[in-house]
Amino acid sequence: MKLSEIKKHLQKLETIAFELPDGSLVPSHFHVTEVGKVSKHFIDCGGTVRKEEVVNFQLWNKDDYDHRLHPEKLTHIIELSEKTLGIEDLEIEVEYQGDTIGKYALDFNSKNFLLVNKATACLAEDQCGITSNKKPKVSLSDLNKQTSSCDPTSGCC
């Protein structure tokens, strides 16, 4: 989800809820403690130099039950971050503390913001010798053209 999308969703909400991948909710007294732009400049295992930028939200909860974050307050924080930090309309990555700090993509189901699991991947599979485990597709018409191993002229009988 991009920054412009979350702002549109926030306009329609009275409360904010973030749902974890297991279906449980981040406690309603969470805070968004950071909104920022994270830049990553790296080289992949195939030698290609890459750059990635995301908007980072950090969710945090503590025993502060009197200061719930409302949609208009989060919108204000986002707009202040855009103005002050020069943040563009980038994809959002959410950090949330579980057993360790988890990084999630963000989606929306018309009620809750969904924290979506992210996964690592090799960006240069073709140069690393990683092969696909996909089975080759074979046309049924091509199967009829193949000679059977039990063909009378094959010598198997």
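**Aromatic cluster, cysteines and overall fold**

Both F108 and F113 are buried, where buried means under 20% relative accessible area, exposed over 50% and partly exposed in between, computed with a 1.4 Å probe and protein chains only. The model is predicted, so local features need pLDDT of at least 70 and side-chain atom pairs count only at pLDDT 80 or more, whereas totals for chains, interfaces and linings use all residues. Residues are numbered from 1 along each chain as its sequence is written, and side-chain values use heavy atoms, with hydrogens and water left out.

Rings of Phe, Tyr and Trp (its six-membered ring) were paired if their centres lie within 6.5 Å; planes under 30 degrees apart count as stacked, over 60 as edge-to-face and the rest as tilted. The count comes to 3 aromatic pairs. One of them joins F18 and F30 edge-to-face, at 5.2 Å centre to centre and 90 degrees between the planes. This pair links distant parts of the chain, with F18 in strand β1 (residues 18-19) and F30 in strand β2 (residues 30-43), 12 residues apart. F18 is buried, at a relative accessible area of 0%, and F30 is buried as well, at 1%. The ring centres of F108 and F113 are 4.8 Å apart with the planes at 45 degrees, so this pair is tilted. Ring pairs link F18, F30, F108 and F113 into a cluster.

A further ring carries a charge. The charged end of K40 sits over the ring of F42, 4.8 Å from the ring centre; the criterion is NZ of Lys or CZ of Arg within 6 Å of the ring centre and within 35 degrees of the ring normal.

The count of disulfides, defined as pairs of cysteine sulfur atoms within 2.5 Å, comes to 0. C122 is in no disulfide, and the nearest cysteine sulfur, that of C45, is 3.6 Å away. C45 counts as exposed because its relative accessibility is 56%, while C122, at 26%, counts as partly exposed.

The protein contains 4 helices and 6 strands, taken as DSSP runs numbered from the N terminus (helices H or I, at least four residues; strands E, at least two). From the N terminus on, the elements run α-β-β-β-α-β-β-β-α-α. Of the 157 residues, 29% count as buried. Among contacts (heavy atoms within 4.5 Å) with a separation of 6 or more, 63% are between residues 24 or more positions apart. The protein exposes about 11,200 Å², of which carbon and sulfur atoms supply 50%; accessible areas come from the Shrake-Rupley method with a 1.4 Å probe, and for residues only the protein chains shown count as cover.
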